[in-house]
Amino acid sequence: MNQPLPQRNEPFRPGETALLLVDMQRIWLQPGADPSHPERGPDHYFYRHTAGETIPNQERLLKAARTNGVEVLHTIIQSLTEDGRDRSLDHKLTPIHIPPSQPEGLPVTSLAPAGDEIMLPKTSSGVFNSTNIDYVLKNLGIRYLIVVGIMTDQCVDMAVRDAADRGYLVTCVSDACASATQERHDTALNAFGGYCWVADTDTVIARIEALGKSA
């Protein structure tokens, strides 16, 4: 007899749930730190939105995850070598290069890894393409993957789609992600929403806190 298929929005399970933060780095989130976008001043939509909503919501999600036994992983764009010779061809052409010695390449302080949380450097848009995250998640016994980060229409999009293709039940927290414009953010969510459960921070925190109550 065939077993019923799981649903993308089914409750998370203890020991099988992880939160993934995508590219929440100082170089992208602090005005003036990204030399590739000198036109973005402190009043640019992206900086106002990430400071006022995206980062605070991720801080809340992090607290809930750490309190209720949810595994936390971080991925950042960072070359393995100082000269970036290991980068993907796409990153060489763009060009994107953040050497390991560059402090701006690390996560913003309030979202930095704590304890032995795993941080995976990547040199492509898709964390599943240029890291061993699939291997790590399977070793951890993860089935439910909660994804937050930047940019919604680029690296977050890739994480969601690639995770879904590999058999994870993916949740994308809509108000804990951001892109360069609200239009790009909304368009991305509409485009990849079929690969995941799209929910807001309050809803996902309630699901996470339910794990702690069931433990």
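Reader: What makes Phe12, Tyr144 and Trp197 a cluster?

Author: Good place to start! Ring pairs link Phe12, Tyr144 and Trp197 together. For two rings to pair, their centres must lie within 6.5 Å. Keep in mind that this is a predicted model. The structure holds four aromatic pairs.

Reader: Why is the pair of Phe46 and Tyr47 called edge-to-face?

Author: Two values are needed here. A pair of aromatic rings is described by the distance of the centres and the angle of the planes. For Phe46 and Tyr47, the centres are 5.6 Å apart, which is within the 6.5 Å limit, so the rings pair. Their planes meet at 65°, and over 60 degrees counts as edge-to-face, so that is the name this pair gets. Phe46 and Tyr47 are also both buried.

Reader: How do you know that Thr75 is buried?

Author: Compare its value with the cut-off. Buried means under 20% relative accessible area, and Thr75 has 1%, so Thr75 is buried. You can find Thr75 in strand 2, which covers residues 71-77. Away from its sequence neighbours within four places, Thr75 is in contact with several residues, including Leu20, Leu21, Val22 and Asp23. Leu21 is 54 residues away along the chain, with 6.3 Å between the C-alpha atoms of Thr75 and Leu21.

Reader: What is the phi of Asp23?

Author: Phi is near 60° there, a positive value in a residue other than glycine. Most residues other than glycine have a negative phi, and most peptide bonds are trans.

Reader: Which residues have the most contacts inside the largest nonpolar core?

Author: They are Leu19, Leu61, Leu137 and Leu145, in a core of 61 residues. Leu61 touches Leu19, and among its other partners are Val148, Val173 and Ile208. In soluble globular proteins, nonpolar side chains tend to be buried together.

How values were computed. Residues are numbered from 1 along each chain as its sequence is written. This is a predicted model: local features need pLDDT of at least 70, side-chain atom pairs count only at pLDDT 80 or more; totals for chains, interfaces and linings use all residues. Side-chain values use heavy atoms; hydrogens and water are left out. A nonpolar core is a set of buried Ala, Val, Leu, Ile, Met, Phe, Trp, Tyr and Cys residues joined through side-chain atoms within 4.5 Å. Buried means under 20% relative accessible area, exposed over 50%, partly exposed in between (1.4 Å probe, protein chains only). Contact means heavy atoms within 4.5 Å. Rings of Phe, Tyr and Trp (its six-membered ring) pair if their centres lie within 6.5 Å; planes under 30 degrees apart count as stacked, over 60 as edge-to-face and the rest as tilted. Helices (H or I, at least four residues) and strands (E, at least two) are DSSP runs, numbered from the N terminus.
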